[in-house]
Each structure stands twice: as C-alpha cells, then as structure tokens.
Amino acid sequence: MNRWLIYLLEDNEDDIYLIKQFLANYSGRHQFRLKSFKDLSSLKIATQQCYPDILLIDLNLPESTGLNTLVAVKHFVSSTPIIVLTGNSEGDIGEKTIQLGAQDYIPKYELTTSLLDRTIVFSKERFELQRNLENMVVMDKLTMLNNRGSFDTELHKYVQDAIRYNTYFGLLFIDLDNFKAVNDELGHQAGDQLLKSVAAKLKMFRRTSDFVARYGGDEFVIIAPHISDKQQLAKLTQHKYRLLADSYCIEGNNSQIHEVNLEVSIGAVLFPEDGENESQLINNADAAMYHAKEAGTPFKISS
C-alpha cells in the first residue's frame with residue numbers, strides 16, 4: 001500500500017477535523033497521513049524539513065487571503081501537487097487557481113470522502129505524468145543529465161538572480177580529452193558507455209545545489225552556486241578533475257573489455273568577474289578550457 005504524506009494549510013479547526021475524517025474513511029489502495037498547519041510560516045518550515053506528497057491549502061488565512069496565498073505557497077513549494085480548498089463562491093476562482101499552478105480545486109461545500117480522495121489521487125498522478133513529460137524535454141536521453149536547452153534556461157536564471165541579489169556563482173566547462181580516440185578505436189557504443197559513466201559520476205558526486213548538464217558531444221557544464229571567490233572555484237575545479245580523470249572499464253567491439261585512462265580539461269569562471277552575461281561567461285569558460293588543453297594542464301581558472 002502506498003503511503004502519502006499530506007500537508008494541510010488551514011486555520012479553521014472545524015475544517016481540519018472534517019478533512020481528517022474524510023481521509024480516515026478512505027478505503028482505497030493508498031494510505032494517507034495528514035499534518036495540518038495554521039499559517040504560512042509553519043508550513044514553510046515543515047517543507048524545508050520534509051516535502052509532502054500532496055498539499056491541500058485554504059486560500060483565506062489571517063496573514064494572507066485569496067490567490068495571494070497560493071502564490072506565496074508556490075514560492076517555497078515547487079515539486080508538490082497543490083489542491084485548493086476554497087469557500088469562495090466566485091465563479092472563476094477555480095480556473096484562476098489552475099492558471100496559477102494548482103493541480104485542482106474543490107469548493108468546501110462540495111467536499112465528500114469520495115471527491116476529496118479521488119481528487120488527491122488524480123492530482124498526484126497528473127502531476128507525476130506532467131513532470132515526466134517535462135523531464136523528457138529537458139533531459140539528455142543518453143546521459144540522463146540536463147540537456148543544453150535546460151542549461152541555457154538555468155544559466156539565464158542564475159545570472160538574473162546574481163544581478164538582483166548581488167551574489168556570485170561559478171561555471172565549469174569540462175571536455176573529455178581523448179574521447180575521439182575511444183570512438184575511433186573502440187566504436188561509438190563504447191564512447192556512449194564512457195559518456196554515461198562520466199555523467200553518473202557527475203550526478204553521484206555533486207553538491208546538492210549544483211546544476212549539471214551535458215553541453216554537447218563530450219562536453220559537460222556545471223553551474224556552481226555559493227562560490228564567491230577564485231580560491232573556492234579552484235578548489236571545486238580541482239575536486240572535479242580528480243573525480244573525472246580516472247580509469248573507466250567499458251565494453252568495446254566484439255564484447256571485448258577495455259580500460260580507458262581518461263583525461264579531462266576544465267575551464268572555470270566566476271560570475272560576474274569573468275562575464276557580464278551568459279554568452280560572455282560561456283565564451284570565457286570555453287576559452288579557459290582550451291587554454292588548459294593546449295598547455296597540458298588539468299584545468300584553468302579564468303583570471
């Protein structure tokens with residue numbers, strides 16, 4: 001049986017009790033565990049500790065009313081389906097909540113056990129389907145890292161946020177030095193295996209806040225927030241070099257096993273010191289990477 005954690009944002013004790021009773025009466029294939037919160041601040045603290053599977057919210061609270069409540073919740077809950085429970089009788093309130101990112105809404109006067117439970121299950125399933133479809137668009141199918149398009153979008157967001165909040169971040173541009181030789185000598189299937197092995201390392205040994213993508217071919221990029229100076233950037237870059245420059249066991253043509261000793265070249269830049277916009281930053285990171293490759297050094301920190 002699937003067990004789903006549900007957070008309820010509601011300040012009315014009678015409504016909290018009613019929703020608990022509705023969920024307790026459910027006898028389907030899922031099991032629901034409900035936690036209720038009476039204000040936005042307590043809900044926000046709870047989501048920082050543990051994300052729920054479903055979020056039920058009332059729009060009218062002492063500190064926030066109407067659609068503003070939904071907008072406020074969306075700012076700190078981005079990967080959970082939201083169902084709005086509303087006592088508002090406006091004819092288009094439901095449509096507005098959907099437009100603002102809710103999965104569904106239920107007028108409180110229509111609440112029943114079957115309607116609430118069915119809405120929770122369908123909202124969760126729709127949300128997961130939508131997220132899977134979005135991942136198909138933004139993920140590189142071979143390595144299952146973020147793809148070039150999602151990287152471009154994310155880098156633009158990082159630049160805008162860094163300008164707005166006067167913060168720094170690092171960008172690492174990684175190239176596999178002897179990748180062409182692997183393709184030519186062992187075949188493209190072996191090359192694909194090597195790319196997937198490198199991608200697996202990048203995913204497994206990344207900081208939680210880092211954004212990792214396949215830029216194209218045998219090139220990878222990392223957006224590294226919370227990097228405020230070149231010393232920190234150099235330390236992170238050196239760590240990535242030691243992680244990736246390694247021996248990889250791959251299967252070549254005729255099912256033969258080969259060990260590939262991989263070398264990588266990394267160019268690293270810091271925003272805003274090394275570029276005022278996305279294109280300058282990428283160009284300078286790319287140039288630093290080529291400088292490292294031509295000099296025969298593991299990496300180059302742009303200066």
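A polar contact, as the term is used in these legends to a predicted model, is a pair of N or O atoms within 3.5 Å, of which, within protein, one must be able to donate a hydrogen and the other to accept it.

**View 1. Asp175 and its polar contact with Lys293.** The side chain of Asp175 makes this polar contact with the side chain of Lys293 at 2.5 Å. Asp175 belongs to strand 6, which covers residues 169-176, and it counts as buried because its relative accessibility is 7%, where buried means under 20%. When neighbours within four places in sequence are left aside, the residues in contact with Asp175 are Asp218, Glu219, Glu263, Val264, Ser265, Met289 and Lys293.

**View 2. The second largest pocket and its lining.** This pocket, with a volume of about 230 Å³, is lined by 13 residues, of which Asn146, Arg206, Asp210, Phe211 and Val212 are the closest to its centre. Helix 6 (148-165) and strand 7 (211-216) are the elements that give two or more residues to the lining. By residue type, the lining divides into six nonpolar, four charged and three polar residues.

**View 3. The largest nonpolar core.** Among the 32 residues of this core, Val198, Leu202 and Phe220 touch the most other members. The elements that give two or more residues to the core are the helices 7 (179-186), 8 (188-204) and 9 (230-244), together with strand 6, strand 8 (219-225), strand 9 (247-251) and strand 11 (264-271). Helix 8 supplies the largest share, six residues.

Terms used. Residues numbered from 1 in each chain as written. Predicted model: local features only at pLDDT ≥ 70, side-chain atom pairs only at ≥ 80, totals over all residues. Heavy atoms only, no water. Helix = DSSP H or I, 4+ residues; strand = E, 2+ residues; numbered from the N terminus. Buried < 20%, exposed > 50% of the residue type's maximum accessible area, 1.4 Å probe, protein only. Contact = heavy atoms within 4.5 Å. 1 Å grid on protein atoms, 1.4 Å probe; cavity = no way out; pocket = protein on both sides within 12 Å on 5 of 7 lines; lining within 4 Å. Points joined across faces, edges and corners; volume = space filled by probe spheres on them. Nonpolar A, V, L, I, M, F, W, Y, C, P; charged D, E, K, R; others polar. Core = buried A, V, L, I, M, F, W, Y, C linked by side-chain atoms within 4.5 Å.
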